[in-house]
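Here are my notes for your first look at this model. Keep the structure open beside them and check each point as you read.

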Amino acid sequence: MTSLSTPDTIALPQERRLVTEIPGPRSLAMQARKTAAVSAGVGVMLPVYVERAGGGVVIDADGNSLIDMGSGIAVTTVGNANPEVAAAVQAQVANFTHTCFMVTPYAGYVEVCEALNRLTPGDHEKRSALLNSGAEAVENAVKIARAYTKRQAVVVLEHGYHGRTNLTMGMTAKNMPYKHSFGPFAPEIYRVPASYPFRDRGLKGPEMAEIATTRIDREIGGGNVAAIIIEPIQGEGGFIVPDPGYFAAMADYARAHGIVFIADEIQSGFCRTGSWFASEYEGVVPDLITTAKGIADGMPLAGVTGRAEIMDAVHPGGLGGTYGGNPVACAAALAAIDWMERNDAPALAQSIEATMIPFLRDLAVQFPAIGDVRGRGAMIAIELVKPGTLDPDAELAAALNRHCHQNGVITLTTGTHGNVFRFLPPLTMPAPLLEEALGILRQGFEAHAS
Ligand code: PLZ
C-alpha cells in the first residue's frame, strides 16, 4: 500500500497505474463493510476506496492510480489536497477549529466574503453569507429573496438541480434518484422551460425565454415571484449550455418585474468554465449568486453573494448556522482562491477545453451515437443517443462509464435521461494524463458504440 507522506513533501506520481482489477480486493473488502454499516440510500458510483489524491490522480487502497476526470463532482478544481490549501488548513486547525461566527467571529469569514464580493460579477456594493453546502446556500438565497421582495413564488427550470434538502429537492427537476418517495415538497415552486439547444428543435435562446416568461406571466404573475433561480450551465441536468440570449433575457424579465435573479453557480463557478463565473459569458450580473464546490477544494463551504440592499434586507440574526463559514473551511477557501488568482485558473480551464472539444468533435464524426458535444472550460460533456435520433442512450453512457472505470479513469454520467457523459477534470490535470484519459474513452467507443 502507498505510504502516507504529506502532500507538500512528496508529489504523487502523475500516472495511470493499475495493479489489480478495479475495484481491487482491499476496496472490495471495504465495500462489504460499507454495505453492512452505511445506509443503502447512500450510493457509491465506483467503489475504489481512496487513500491519496493530487494533481490529476486518485490512488486507491490497492495501490491503483486512477486518472481523475470528476474532481469529486467539480470540487477539487485547484487539485486534490492542493499543497497550499493543505498548509493553510493545517495552520488554521492548529490555531482554532471552531468558535461559531455568530458567537465570537474571526477574520477568515470576513475575508472570504470580501473575496466573494470582489470576484463575483458586477461592481456594485455587495454582501455575502457563508453556509455549509450548496443546498444550504440555495435555501438561504431563497430566504433572502423572499424577505427582500415580500413575495413567495420561486421559479426554477426544467432540468434544474439545486440540492437534496426539502426546499431544494422540490426545486430540482429530476425524480430519480433525488425526489422519489420523499414528498411532500415545499409549495410555491414553479418550473418553466430551459434552453436546451440540442433538444429545442431549432428554437433560439430568446424564443425559449419568451416561452418561459409567458408561462410565468400566465400561471404565476411576475409580481408574485420572489426569485428566478437558474444555473448558467445546468450541471446535473446534463451540462446544458443555454442558447445565447436565453440567460440574459430571463435576467431582463426578472429586473423588469422586481424579481430577484439568482445564478446558481455552485457547479459552474470558481473558474470551472474558463471564467470566474459562467454568468459572465452572457454579461449578466445576477442579483444574487450561490457558490460552493470549487470554493474551498473540498472543505465544506458555500456562499450567497449579492446586492447589498437585498442581502441586508434580512433581519439581524435571520441567517446563520452553527458551522456556516467554519474557520478551517475559510482558510481552505482563501488558499484556493489565492491559487486560482496566481495561476490564472480561467486560462487553465480554457486550455482543457481546447484539448477536449476538438477531440470529442472528431470522435462524434466517427461515432454518431455522440449527438452533441458541449460545455465550457473544464465542464465538458457528450450527449449519447441512438444514432440519427434524439432518443437517449443511457445504456451506452453506462457501458462507457464502466469501460473508463475498469481502465483506471474516473468518469461520471449526468443528465435528466442519464445519457450524458461528463468531464470535470481538476485544473491541475497534466496534459499527457488528459490525453491518456481521452484515449481510453476512444477505446470505450470502439468497444461499445456503433
Ligand atoms: N446547485 C448547481 O450542482 C450539487 C450533486 C451530487 P450540495 N451538485 C452535485 C448529488 O448527487 O448529491 C449542486 C449543484 C447545483 C446545488 C447543488 C447542491 O450542492 O453541496 O451537494 O448541497
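1. Start with two terms. Strands are DSSP runs of E, at least two residues long, numbered from the N terminus. Two strands pair if DSSP finds at least two bridges between them.

2. Next, the ground rules. This is a predicted model, where local features need pLDDT of at least 70, side-chain atom pairs count only at pLDDT 80 or more, and totals for chains, interfaces and linings use all residues. Residues are numbered from 1 along each chain as its sequence is written, and side-chain values use heavy atoms, with hydrogens and water left out.

3. Four strands form an open sheet in the order 1-2-3-13, and the pairing is mixed. Strand 1 (50-54) and strand 13 (409-410) are the edge strands, each pairing on one side only.

4. Strand 3 (residues 65-68) pairs with strand 13 in the parallel sense, over two bridges. There, Asp 68 faces Ile 410 of strand 13. In general, strands of a sheet pair through backbone hydrogen bonds, either parallel or antiparallel.

5. A polar backbone atom of Ala 135 is 2.8 Å from a ligand oxygen. A polar side-chain atom of Tyr 161 lies 3.3 Å from an oxygen atom of the ligand. The side chain of Glu 236 has an N or O atom 3.5 Å from a ligand nitrogen.

6. How much of the ligand is covered? Taken alone, the ligand exposes 510 Å², and the protein buries 82% of that. These areas come from the Shrake-Rupley method with a 1.4 Å probe.

Technical notes: A polar contact is a pair of N or O atoms within 3.5 Å; within protein, one must be able to donate a hydrogen and the other to accept it, and residues adjacent in sequence count only if both atoms are side-chain atoms.
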